[in-house]
Amino acid sequence: MDLNRVAVVGAGTMGNGIAHVFAQSGCDVRLIDVSQEIIERGLATIRRNMDRQIKKEKLTTDGRDAALDRIDTSTDVGAIDGAELIVEAIAEKPDLKFDLFREMDAVAGQGVILATNTSSISITEIAAQTKRPESVIGMHFMNPVPVMPLVEIVRALQTSDETVATVVAATKSLGKTPVEVNDSPGFVSNRVLMPMINEACFCVMEGVAEPEAVDDVMKLGMNHPIGPLALADLIGLDVCLDILEVLHRGFGDDKYRPCPLLRKMVAAGRLGNKSGQGFYAYS
Ligand code: NAD
């Protein structure tokens, strides 16, 4: 089934990227967030990222203008009505997502797929909030969305084969590579990545090394394109903390306990790139 109308709920770091790639692939996109100001910021980011693609000759100005024209916006979740696929990308808080899925379930047409971009929250529990658990699935895009080829497709216990097939095809139509995994805290991506980021935070907290040195070790010694602390800043330190909390709670294993320095930085509002200060300063 070809998808022509997609709604994205949440216009932050991930939501604006998801709207960007769907619009660029030819879909009409409705981008929804709680305030027009946040939406405008999301649209400005999309335009900026498309301009970057133009400079790299990956997009034409006509292509950009056509893609931007395909995006309309709303501050009302009711505006998901009419979409054939809905992708949720709001904050990584279970209760917020559960409330939103109940609300979306009441509005979305019968059989419409409700996908979540959650990094770690149980898709099975999210699906259980709805009367269409077989049509709920994880569609876990990577940051920055227009650049990263992977989408981790996360199957809840209740997800139907038909839903998986539709979302796999939609992912391919974006030029991205779907990798299917089963629902488990952090899935594969964050179960492997977050303990590394957390240990990097402990290294800084314990005075083992400065952030630059930690990142240099991983870049130059392990061939990582970006160090774990710069990556944490890019993801958002609040998002990293939320994911670690889900891993810690989900497995009941203290190896996932969030580093106290990470907690302290989030409490101080040092969230990484998006706030201008994290392990590094950003202008
Ligand atoms: P963000 O804080 O940048 O954006 C979240 C947006 O959701 C905000 O603009 C907020 O106003 C909006 N929002 C909150 N409640 C809402 C509601 N009820 N209705 C509509 N909009 C609402 O967060 P983000 O980094 O984009 O993360 C979004 C999701 O994507 C999270 O589940 C996160 O775990 C996941 N994710 C993040 C990354 C990353 O690198 N940041 C990578 C993969 C997945």
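How many salt bridges does the rule find across the interface of domain 1 and domain 2? The rule finds one salt bridge across that interface. This report describes a predicted model, beginning with the domains and ending with the ligand.

## Domain arrangement

The protein chain is divided into two parts: domain 1 covers residues 5-182, and domain 2 covers residues 191-275. Between the C-alpha centres of domain 1 and domain 2 the distance is 26 Å. Nine residues from domain 1 and eight residues from domain 2 take part in the contact.

## The interface between the domains

Domain 1 and domain 2 bury an area of about 630 Å² between them. Carbon and sulfur atoms give 59% of this area. On the side of domain 1, Glu-92, Ser-120 and Asn-143 together supply 55% of the area buried against domain 2. No other three residues of domain 1 supply as much.

Polar interactions also occur at this boundary. Two residue pairs are in polar contact across the interface of domain 1 and domain 2, both at pLDDT 80 or more. The residues of domain 1 that touch domain 2 comprise three nonpolar, four polar and two charged.

A salt bridge joins the side chains of Lys-93 and Asp-242, with an N to O distance of 2.9 Å.

## The ligand and its surroundings

The ligand is surrounded by 21 residues. The closest are Met-14, Asp-33, Glu-92, Lys-97 and Ser-119.

In the side chain of Glu-92, an N or O atom is 2.5 Å from an oxygen atom of the ligand. For Lys-97, a polar side-chain atom lies 2.8 Å from a ligand oxygen atom. Ile-90 contributes through its backbone, where an N or O atom lies 3.2 Å from an oxygen atom of the ligand. The ligand taken alone exposes 830 Å², and the protein buries 85% of that area.

Technical notes
Residues numbered from 1 in each chain as written. Predicted model: local features only at pLDDT ≥ 70, side-chain atom pairs only at ≥ 80, totals over all residues. Heavy atoms only, no water. Domains from an automatic or database assignment. Contact = heavy atoms within 4.5 Å. Buried area = accessible area lost by both parts, 1.4 Å probe. Salt bridge = Lys/Arg side-chain N within 4 Å of Asp/Glu carboxyl O. Polar contact = N/O pair within 3.5 Å; in protein donor to acceptor, adjacent residues only side chain to side chain. Nonpolar A, V, L, I, M, F, W, Y, C, P; charged D, E, K, R; others polar. Near = heavy atom within 4 Å. Areas by Shrake-Rupley, 256 points an atom, 1.4 Å probe, with all protein chains shown as cover.
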